[in-house]
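Visitor: I would like to learn how to read the sheet and the chain contacts here. Please take me through them.

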Amino acid sequence: MTYRIGSAQGFYGDDVTKALPMITGGHVDVVCFEALSELTLAILQKDRLANPARGYTFDLSIIARQILPESFKRKIPLITNGGGLNPVAAAEMVRETAAKLGLSGVKIAAITGDDLLARLPELQAAGEALSNMDTGERLANASNQQFVTANVYLGAAPIAEALQAGADMIITGRVADPCLYLAPLIAHYGWSWEDWDKLASGIVAGHLLECTGQVVGGNSLAALHALAPTDLPYLAYPIAEVEASGTFVITKTPNTPGLVSLETVKEQLLYEVHDPANYLTPDVTANFTTLHLEAAGENRVRVSGVTGKLRPEKLKVNIARMEGYMRELIFAVGYPEAWLKVEWLKAMIAESWRDLPIQRLSYSYLGMNSLFGSLSELPADPLEVVVRVMFTASDQDTLKTATRRVMSNGLSCPPGMSVSGSTIGSDPRAIVGLWPALVGRDKITPEISYLTI
Amino acid sequence: MPRTLYDLAYGRAGDKGNIANISVIARTPEAYQDLKAHLTVERVKAHLGDLAPGRVLRYELDNIEALNFVLYDALDGGATRSLRIDALGKGLTGALLCMEWD
């Protein structure tokens, strides 16, 4: 017997209903939903500022309405970090939804303790430097700064505890992504917290699952000639069938499009990985360089031999800070003398903005050098050039003024120039700077609260 | 057409803050030996030019016949700050795989 973990969300906005065929088909024992990219919490903070009862992902209401009734009926727990900045309010919403649907006996767990925004000054006072992991820079006095969010990456322990307490749905905030998937394995198999190889196996399974479509042919060069493009909207989502030893098979929901092959597994294995021999998580340091991959039938890849070692001493925190706003404008010019017209456009813009506090200004030519920069050779006399202008300022008004001034040159512009209408009408976008740091484990205490119907 | 790295390998790029990684996964055992011997950090950095302005590290995975390159300061400040159309650096795989290879 294996324990089967389904993965039905890899980002905020993913199609979570792909959990349904896994559940109703009897293919999984638990389903995990990973909703939080590095940036997602800053997006959710906007919602929470507008309404203190929000701050969780909207996908959660789809999960509550459409998936929970099916999973609860079959005693398949659901685990999600889609609680974002407000797991307790999210749990309350799920409880209300479930009650309206007539479910009873549902136990919902909300896990908190990751949100450090209000605690930053206290942590600094307690000796936590919160220096930037990438640059080494020390964090200035936190009480004087405009931070948007500050969340520590929790591990699998509180989720495993809630599962062992019989929770049917577990809603967390920031948890290290693969730990969402490790947690049910610990709860099910009772793996020791020092059985590093097994913990690392669970982490590798989680890492392969956490980006849903990306291990079944999505965003895959290896699948470019192996799948039909019309398959993409229907790609199956992945399932890991894990043995008590930690060895597991990656597969997908049967009878749905997609591809699980040695190639798709290798692609996802190294996705967003730095040192593959030291993949750091709150629960274990996993080693990807000892594992063995083996084809195990159609759309099945067996992963064995994962090793691990002691987890890192400290936990990672991501602190987000508002750094201003950015704006995009797209222009097109054509033959004759397209490059001269581009120079005119740039000079016109520079002159219009001379007295504006524009902070960064960047030009690229779509289809010519926007992806590969200096690798691309620009044609000498092109028939057309699409110019993308990106500019930033500390406030939105500057960007709006800048846009208005350029647009007011509509009839006094380089000859034959056109403007992308959708860029004229769009709003400035917030720039959120991320500050990765470390914090002592002794400062962090996850808490679990339960709601029942 | 000259041969490119894409003839020998495929891969995927990912982002973490302002750091990008590009995996280069060999299509055959022979290709892996070739890549391991000749796809050096220096060569990658020289090829990518201003796409790899910072430190570049290379990791070897003999078990899956792949190399992993980690590029510091390669994402224009990171996905949330970047002014590039490819703010997540998802296209960086192609930037590396278009390298001519003989």
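Visitor: Which strands of chain A does helix α9 (residues 262–269) lie across?

Guide: This is a predicted model, in which local features need pLDDT of at least 70, side-chain atom pairs count only at pLDDT 80 or more, and totals for chains, interfaces and linings use all residues. Residues are numbered from 1 along each chain as its sequence is written, with chains lettered from A and ligands numbered from 1 in the order in which they are written. Helices (H or I, at least four residues) and strands (E, at least two) are DSSP runs, numbered from the N terminus. Helix α9 of chain A lies across β8 (248–252), β11 and β12 (301–304) of chain A, at about 150° to β11(A). Axes are lines fitted to C-alpha atoms, for helices over the stretch in contact, and angles run from 0 to 180 degrees between N-to-C directions.

Visitor: What is the strand order of the open sheet of 10 strands in chain A?

Guide: Two strands pair if DSSP finds at least two bridges between them. In chain A the order is β11-β12-β8-β7-β1-β2-β3-β6-β4-β19, with mixed pairing. The edge strands, β11 (292–295) and β19 (447–452) of chain A, each pair on one side only.

Visitor: How many bridges join β1 to β2 of chain A?

Guide: Four, and these strands run parallel. A:Gly6 has A:Val31 in β2(A) as its bridge partner.

Visitor: How many residues of chain A are in contact with chain B?

Guide: Contact requires C-beta atoms, placed from the backbone, within 7 Å. By that criterion 41 residues of chain A are in contact with 32 residues of chain B. β18(A) gives the most to that side of chain A, with five residues.

Conventions
Two residues are in contact if their C-beta atoms, placed from the backbone, lie within 7 Å.
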